[in-house]
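Colleague: I'd like to learn how to read a structure like this one. Please take me through it one feature at a time.

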Amino acid sequence: MDQLFAPWRIEWVTRDGDQDADDDSCPFCALPERDDDAESNIVARSEHSFVLLNNYPYAPGHVMVIPYRHTGDFADLSDEELLDHARLKSRTLAALDAAFDPDGFNAGENLGGSAAGGSIDDHLHTHVVPRWTGDTNFMPVISDAKVLVQALDDSYDHLHDAFAGLDGGVTDGDDSAVFFDLD
């Protein structure tokens, strides 16, 4: 595989992986418990869910909408949790549209573990990936390399501002996620 220079990734590589969690704990449970949403890449929250930038994005703005409850089965979530998740996903689509002006979106879940392509199968999460006409290229097919066109910090800033601009979004500053009361 070819190697591409991505100096912003050093922050991920050198992070303190044990911070707030054991090695075998769920990152989707540990990240929302941290004090700094920006450092954890959490851009938005609601009562039952949060929006997290994907550390290995398929495209700029690739996020996951994640319920706080640790479960791999939608049937375990209450109606209130399901509705909150759906409403936050709707806000996420609006924020991504405002921040990145994509031509479309891919949205969905990897259910069933590695058979479905997911790396974390015991904590539900919905991927939302902005897409642009012609955004796929030959690099992954021909040279087994993926090109990331925007640093995660830049994606975070654009998306945080877009969430903050939506009706009902409340934030305590750039380091805290935008909160929505979706009741």
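Modeller: Let's begin with D101, which you'll find in the loop between α4 and β4 (104-108). Those labels are DSSP runs numbered from the N terminus: helices are H or I with at least four residues, strands are E with at least two. One caution before we go on: this is a predicted model, where local features need pLDDT of at least 70 and side-chain atom pairs count only at pLDDT 80 or more, while totals for chains, interfaces and linings use all residues. Residues are numbered from 1 along each chain as its sequence is written, and side-chain values use heavy atoms, leaving out hydrogens and water.

Colleague: How many helices and strands does the protein have?

Modeller: Six helices and six strands. Along the sequence, they come in the pattern α-α-α-β-β-β-α-β-β-α-α-β.

Colleague: Back to D101, then. What is its phi?

Modeller: The general idea is that most residues other than glycine have a negative phi. D101 has a positive one, near 50°, and D101 is not a glycine. N41 is another case, with a positive phi of about 65° in a residue that isn't glycine either. N41 sits in the loop between α3 (37-40) and β1 (42-45).

Colleague: Is D101 buried or exposed? And which is N41, buried or exposed?

Modeller: You judge that by relative accessible area: under 20% is buried, over 50% is exposed and in between is partly exposed (1.4 Å probe, protein chains only). D101 has 56%, so D101 is exposed. N41 has 11%, so N41 counts as buried. For the protein as a whole, buried residues make up 41% of the 183 residues.

Colleague: Now salt bridges. How many are there?

Modeller: In general, side chains of opposite charge can pair when their charged atoms come close. The rule here asks for a side-chain nitrogen of Lys or Arg within 4 Å of a carboxyl oxygen of Asp or Glu. That gives two salt bridges.

Colleague: What about ring contacts? How many aromatic pairs does the structure hold?

Modeller: Rings of Phe, Tyr and Trp (its six-membered ring) pair if their centres lie within 6.5 Å; planes under 30 degrees apart are stacked, over 60 edge-to-face, and the rest tilted. The structure holds two such pairs. In one of them, F50 and Y68 have ring centres 5.3 Å apart and planes at 25°, so the pair is stacked. It links distant parts of the chain: F50 is in strand β2 (residues 49-53) and Y68 is in the loop between β3 (63-67) and α4 (79-100), 18 residues apart.

Colleague: How accessible is F50, and how accessible is Y68?

Modeller: F50 has 0% relative accessibility, so F50 counts as buried. Y68 has 26% and is partly exposed.
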